[in-house]
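User: I'd like to learn how to read a few features of this model. Could you take me through them one at a time?

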Amino acid sequence: MTLKADWEVIGAPVDPDTTDRLFFTEHEWETVEAATARIIPTDQDPGAREARVVVFIDRYLSGIDYVYAAADGSGFLKISGRYADAWRARMADMQKTYREGIRDLDDRSVLEKGARFKDLSEADQDDMLETISGAPKPGKVTLGTKEAVTTFLQGSFDEGLEFFPALCLHTRQGFYCDPVYGGNKDQMGWKFIGFPGPKSLKDTMDGTYNTHEYFHEGEYDWHELIPHLKVSTWAESADS
Amino acid sequence: MSVFKRKPEPVDAIIVGLGANGGTAAKVLSEAGLKTIGFDRGPWLRAHEHYSGDELKFVNRDYMWPDPKMFPRTIRYDENSEAERFPFSPTPQMVGGGTNHWAGWVPRPRESDFMMRSLHGDIDGASLADWPFRYEHLEPYLTKVEWAFGVSGIAGADKYEPYRSKGYPSPPLRPTRYGKRFYDACNKLGINAFPIPHAMVTNNHNGRDPFNQTSFWNQYGDPSGARSNILTTFIPEALATGNFEVRAESFVREVKLGKDGKATGVIYIDPDGNEVEQEAKVVILALGAIESARLMMLSKSSQFPDGLANGSGLLGKNATFHEYLFAVGLFDKDIDEPLNGWTGNYISGGSLEFYETDESRGHIGGCIISASQTCHPINWVFPGRPSWGEALKDADRNYFNYAMKIGLILHDLPVESNRVDLDPNVKDAFGLPVARITHRPHSNDVAMGKWQVDKNIEILEAAGARKTVPVYLDKMTGNTCHQHGTARMGTDPSKSVLNEWGQAHEVENLFVVDGSGFPTATGVNPTLTMMANAWRCSEYIAEVYSKGREEHLALVK
């Protein structure tokens, strides 16, 4: 069996401008593209539509060949053995979630608004997303407040998510991922948010990409930052 | 799966789990001349070849986290519910374990951590216990780990640190912008802030090349020599002795017990699905406190029907997990300077100002706090962020570079009913019952979390935050990947599973050298303490036990 350390690199970085569909039907593609464009809408800055989030989601859902980019971004890893079994099972569930979710969104749109989701106005599309989300459309963040929340998980894996939360998570991923995955075209998500990301994944492996200029600029003196050092009995002095 | 393959040659020692503690044992035992085999159920990756700054792969798609279909866990929050699948405490299961993905906080424990019961007596609903050794017994090993593994820090900067015999081998990183804010705010409030000791080097200590300055750090693999990772330090050092062999993607499903009451070795499933038996004179478990307890429970026999070496009935109980709680502060893009919360190597300035008990706070104990990275675009930390629409877009645009976070590692109290056992329904990819967690926080945990998160908000406000988002303790999620307590160390075999050397009271050649043995959780990140203890126990195995001798520590009460 091929061990995980020896997974072969296959394929190539995804072309964000492709119109080849690997998983979605034409109608599903257009529906998902329209929905992602309401999740991260286009305003003075590009949104999910321009960043080609739909390409990203289509590739992800197509099987297990677009799950993990090769470390240097030259292609994708060919998952083997039990790992492949687990991913195939998970992907089959997620494909079903999308197929059924899109059908349900359309059915409800026809019932409530008289047309399928992709043919609705943006305002009506927002109404429908509000309906399937089961909560009011989120309001703007305001300063000057304290809002407590409980429970926080470090990763956000998509296993077992329902359609709308999965679509929101995948839209975010497709907007901000490394462009090798087909989304974040021309790094437009990163530019929008002010994240000076690496030109390529390879640049993160050899010291080419360096972020120290974004740390604290200029001089600093540990003895000023840590007044206790001035009275510490430790003889070693810290260099800055 | 299959045929039993022919037995390979017996060896001196088997280590199961090659993370922080198994890797430490591998180094110490193989350097002492013991023929040792290390098993890990996960892969043996090559850092320089497999690691890069891919947020989607490392943070969202579980490239290193355990696959929840292959190795599920379950949790329930009361005794009567059916446990649900949940990726509780998903420490990477692979050669190097959690040191592959960790931020690398390695503060030293405090003297009080070893004597919680002596200090506080009986606390209602908790099961405090003293450790069977003290800080002074561990200190030489803390120093060994700091130097052999590589830690950066400034000796003398932590006003409350106990005695240390040596400084640090590497100076810290330059401060981040939010780190600088944290120092300034703490100085305003009279809090002793300093760079949290960090399992990374910024110099060429031990010939390392710390070229990674990408800020892809917490949860990412590091392709350079900056991060102190077992995979790139102790494993190659152990292999270089010629006495050590790694068997990766090999799943140990049972520790075998012989008629003489000693472990004979392990049964494992090799990468091709064959079942293989490997014999050894000593078996050392280091799978982490959840999986070590599970493996012992899976290793039932007529002598130990409730799990290996579990005559006390305490195996799996008194589990503590810490929990990462924090508060985020948001700043105003139109007025304030950017904080670049995505920069740095996760941790930055921190403090142990609130560590020791002050009963006026309404709880006992205390914990470490630290300003830390708010991370990268997909997953940047803003709990309660709008999930879609214009509000989401505005939140990302306005606050991605204008947020700051101050977190804490909750020092949770041991409670006997908080435990790991075998789930009656859910099985892993090998058809074996998975670990089930049963947990309800002690009221002291909730109170400490609330008090300290509120204190962190005061610091954020002193730093100029214009909105704060506190994350209090609701329930334990295992989000620190810290695990302890499931096989307590102690002197009394009726009240503990292991003795002061991590040796099972009832199976003399079985040792557990991970956090399982911790009688109490401590309020600092546990890995430095665990590794120092693993080193100490492994030295005992090599220098005393393997030579047919027995020694015990005498503690002055």
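User: Let's start with a helix packed on strands. Which strands of chain B does helix α8 lie across, and at what angle does it run to β14(B)?

Analyst: Please keep in mind that this is a predicted model. Helix α8 of chain B, residues 289–298, lies across β14 and β15 of chain B. Its direction makes an angle of about 65° with β14(B).

User: And how do I read the sheet that holds those strands? What is the strand order?

Analyst: The general idea comes first: strands of a sheet pair through backbone hydrogen bonds, either parallel or antiparallel. Here, the order is β4-β3-β15-β14 in chain B, an open sheet of four strands with mixed pairing. The edges are β4 (84–85) and β14 (419–427) of chain B, each of which pairs on one side only.

User: Let's look at one pair inside it. In what sense do β3(B) and β15(B) pair, and over how many bridges?

Analyst: Strand β3 of chain B (residues 74–76) and strand β15 of chain B (residues 433–438) pair in the parallel sense, over three bridges. To place one of the residues, look for Arg76(B), whose bridge partner in β15(B) is Thr438(B).

User: Now two helices. How do the axes of α5(B) and α11(B) cross?

Analyst: For a pair of helices, read the approach of the axes together with the crossing angle. The axes of α5 (residues 135–150) and α11 (residues 527–543) of chain B come within 8 Å and cross at roughly 105°. Angles of 65 to 115 degrees count as roughly perpendicular, and therefore α5(B) and α11(B) are roughly perpendicular to each other.

User: Which residues make that contact?

Analyst: From α5(B) come Leu138(B), Tyr141(B), Leu142(B), Lys144(B), Val145(B) and Phe149(B). From α11(B) come Leu528(B), Met531(B), Ala532(B), Asn533(B), Trp535(B) and Arg536(B). By class, this contact of α5(B) with α11(B) has nine nonpolar residues, one polar and two charged.

User: Stepping back, how is chain B divided into domains?

Analyst: A domain can be built from several stretches of sequence, as the assignment for chain B shows. Domain 1 of chain B covers 1–102 + 107–150 + 227–317 + 418–439 + 485–557, and domain 2 covers 151–219 + 323–410 + 440–475. Their C-alpha centres lie 29 Å apart.

User: How many residues are in contact between the two domains, and what supplies the domain 1 side?

Analyst: In chain B, 34 residues of domain 1 are in contact with 36 residues of domain 2. On the domain 1 side, α3 (55–60) and α5 of chain B each supply at least two residues. The largest share of that side, eight residues, comes from α5(B). By class, the domain 1 side divides into 13 nonpolar, 13 polar and eight charged residues.

User: How do I read the interface between the chains in the same way?

Analyst: Start with the counts: 80 residues of chain A are in contact with 89 residues of chain B. Elements of chain A that each supply at least two residues of its side include α1 (26–39), α4 (122–133) and α5 (163–176). The largest share of the chain A side, five residues, comes from α3(A). That side has 44 nonpolar, 20 polar and 16 charged residues.

Note on methods:
Residues numbered from 1 in each chain as written. Chains lettered and ligands numbered in written order. Predicted model: local features only at pLDDT ≥ 70, side-chain atom pairs only at ≥ 80, totals over all residues. Contact = placed C-beta atoms within 7 Å. Nonpolar A, V, L, I, M, F, W, Y, C, P; charged D, E, K, R; others polar. Axes fitted to C-alpha atoms, helices over the stretch in contact; angles between N-to-C directions. Parallel < 35°, antiparallel > 145°, perpendicular 65-115°, else oblique. Domains from an automatic or database assignment. Pairing = 2+ DSSP bridges.
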